[in-house]
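Hello,

Here is the structure I promised to hand over. Please have a look at it first, then read my notes below.

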Amino acid sequence: MARDVQITFDCADPAALAAFWGEALGYRLQDPPGGFASWDEALEAMGIPPENRNDASAVVDPGGSGPRLFFQRVPEGKQAKNRVHLDVRAAPGLDGDERMAALEAEAERLVSRGATRLQRHDPEPPLGAGHIVMADPEGNEFCLD
């Protein structure tokens, strides 16, 4: 039986990182629990003190097919290169110059929202289509593919 997965990010600012990845992927903030108009209202009712209200956040695919991304506050900063990373499929079906132009446009968009561009890998046929390595606002590497 196949299992659903959630991708979890350890981070310093869950709300900000959730906002970045929501924008990057076209995801939206997960709705608050039923019966609550907002997360502030829900967290207040749960007795969560204000200083702990940014301990976690989550974004979801509005179409319901992609995995939930969960962001949890941790005390330590990023220590090393990611061993697992996301590939953001920003140029599906495109090749060559057209593909790289689409990846460059997406890189510029994400840099304007807090990402950092790390490295461009040009196409190397027959198997290397080309990609751009990026980092989110907290330094987590990902690729525009």
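The side chains of Glu-106 and Arg-109 form a salt bridge, with N and O 2.8 Å apart. Keep in mind that this is a predicted model. Both residues sit in helix H3, three residues apart, or about one turn of the helix. An α-helix has 3.6 residues a turn, so residues three or four places apart point the same way. Glu-106 is buried, at 15% relative accessibility. Arg-109 is partly exposed, at 24%. The pair is part of one network: salt bridges with shared partners join Glu-23, Glu-106, Arg-109 and Arg-113. One link in it is Arg-109 to Glu-23, at 3.0 Å from N to O.

**The chain as a whole**

The chain has 145 residues, and 30% of them count as buried. It holds three helices and eight strands. Along the sequence they follow the pattern β-α-β-α-β-β-β-α-β-β-β. The C-alpha atoms fill a box of roughly 55 × 35 × 35 Å along the principal axes. Take the contacts between residues at least 6 apart in sequence: 59% of them join residues at least 24 apart.

The UniProt record, an unreviewed entry, places "domain: Glyoxalase-like" at residues 6–144. That span is 25% helix and 27% strand, and its end C-alpha atoms lie 20 Å apart.

The chain is divided into domain 1 (6–73) and domain 2 (86–144). Their C-alpha centres are 26 Å apart. The contact draws on 11 residues from domain 1 and 12 residues from domain 2. About 970 Å² is buried between the two, and carbon and sulfur atoms give 69% of that area. Two salt bridges cross the interface.

**Helix H1**

Helix H1 covers residues 14–25. Which residues of H1 are buried? Pro-14, Leu-17, Ala-18, Phe-20, Trp-21, Gly-22 and Ala-24. Their cover includes strands E1, E3, E4, E5 and E8, as well as helix H3. Just after H1, Gly-26 takes a positive phi of about 75 degrees.

Arg-73 pairs with Asp-55, with the closest N and O atoms 3.6 Å apart. Arg-73 is in strand E4, and Asp-55 is in the loop between helix H2 and E3, so the bridge ties together parts 18 residues apart in sequence. Both ends are partly exposed: Arg-73 has a relative accessible area of 38%, and Asp-55 is at 29%.

Glu-141 pairs with Lys-78, at 3.3 Å between the closest N and O atoms. Here strand E8 holds Glu-141, while Lys-78 is in the loop between E4 and E5, so the parts tied together are 63 residues apart in sequence. Is Glu-141 buried or partly exposed? At 18% relative accessibility Glu-141 counts as buried, because the cut-off for buried is under 20%. Lys-78, at 36%, is partly exposed.

Best wishes

Conventions. Residues are numbered from 1 along each chain as its sequence is written. This is a predicted model: local features need pLDDT of at least 70, side-chain atom pairs count only at pLDDT 80 or more; totals for chains, interfaces and linings use all residues. Side-chain values use heavy atoms; hydrogens and water are left out. Helices (H or I, at least four residues) and strands (E, at least two) are DSSP runs, numbered from the N terminus. The expected span of a helix is 1.5 Å times one less than its number of residues. Buried means under 20% relative accessible area, exposed over 50%, partly exposed in between (1.4 Å probe, protein chains only). Contact means heavy atoms within 4.5 Å. UniProt positions are given in the numbering used here, feature names are shortened, and annotations may be inferred rather than shown by experiment. Domain bounds come from an automatic or database domain assignment. Buried area is the accessible area (1.4 Å probe) that two parts lose on being put together, summed over both. A salt bridge is a side-chain nitrogen of Lys or Arg within 4 Å of a carboxyl oxygen of Asp or Glu.
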